[in-house]
Amino acid sequence: MARATILTEIHGRVGMIRLNRPAQLNALNDELMDALGTALLDFDANTEIGAILITGSDKAFAAGADIAVMANWSYMDVYQRGFITRNWETIRQVRKPVIAAVAGYAMGGGCELALACDIIIAAESAQFALPEIKLAMLPGAGGTQRLPRAIGKAKAMDMCLSARMLSAQEADRYGLVSRVVPDAELPAAALKVATQIAGYSLPALMAIKEAVNRAHESSLSEGILFERRELHARFASEDAHEGMHAFLDKRKPVFQHR
Ligand code: CO8
């Protein structure tokens, strides 16, 4: 029987997805991307889940699109059938927080997958690169767009044009990742962050995610207006009242909408 390209587990209120093509360093093929898209949508629809964690192996988060599969494709293959890129919009549809826990290589499409997540937690061994130029290709799953927004044009151009590889510490310094932890601590640290997030009020989390994403997709005034509307909408939420009253009562809040 063929090996599953992803594995899923549930830890409390966290849905975990592990990329599982170790012999290919988790290179992304259509089968894996289809399975990833399905798992993400399933966890997003599951009312018992509050946050989603995507991870790989100790050696690789993902080493990019599967070059062995792509090598003989024609333009019509990829254009008409949307090979390899067809599922990428699915990641954007997910409304719950998605955290990438990255150890080892996050290259090409693997780096782009991490960039499409809301938070990246890196092990010290993590290495980030967009080396498509070495193949005379280009980062085609958001790399040329999300990377400059994440770390600025200068560093993004350098990575895309020279295939420069960033260490976890550099990625931390440039703002590509939000936390760096020792390799042995990555699984527990990532799960701890995801569990903490999943314990908050889900509608508030979804509103924050939407508002922060607006910062990249609209003007400042549009974004501020959106944020203000979301703030006002919070006053229609039982959870927000519970959160504020619990603070005043010096007790833990009990959120209804998780
Ligand atoms: N595709 C297919 N197989 C791969 C890939 C890959 N991207 N990366 C590694 N492998 C395979 C190797 O071929 C090798 O297989 P085998 O054992 O059968 O020879 C196995 O994984 C182990 O790899 P290495 O022996 O090379 O391991 P090393 O530790 O020596 O090197 C590296 C690790 C540095 C990660 C090296 O494997 C490498 O450079 N890989 C290619 C990285 C790359 O170029 N990535 C970009 C790919 S193009 C891309 O992502 C385009 C994105 C466009 C959008 C599509 C979104 C999905």
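## Strand E5

Strand E5 (residues 98-102) is largely enclosed by the rest of the structure, because five of its five residues are buried; buried means under 20% relative accessible area, exposed over 50%, and partly exposed in between (1.4 Å probe, protein chains only). Helices (H or I, at least four residues) and strands (E, at least two) are DSSP runs, numbered from the N terminus. The model is predicted: local features need pLDDT of at least 70, side-chain atom pairs count only at pLDDT 80 or more, and totals for chains, interfaces and linings use all residues. Residues are numbered from 1 along each chain as its sequence is written, and side-chain values use heavy atoms, leaving out hydrogens and water.

Val98, Ala100 and Val102 point one way from E5, Ile99 and Ala101 the other way. E5 runs parallel to strand E3 (residues 51-55), joined by four bridges; strands pair if DSSP finds at least two bridges between them. Isoleucine 54 is opposite alanine 100 in E5. Four bridges also pair E5 with strand E7 (residues 119-123) in the parallel sense, with valine 102 opposite alanine 122 in E7.

## Nonpolar cores

A nonpolar core is a set of buried Ala, Val, Leu, Ile, Met, Phe, Trp, Tyr and Cys residues joined through side-chain atoms within 4.5 Å. The largest has 45 residues, of which Leu19, Phe61, Val102, Phe128 and Leu176 touch the most other members. Helix H1 (residues 30-45) gives this core its largest share, six residues.

## Positive phi

Alanine 163, not a glycine, has a positive phi of about 70°. Alanine 163 is buried, at 11% relative accessible area.
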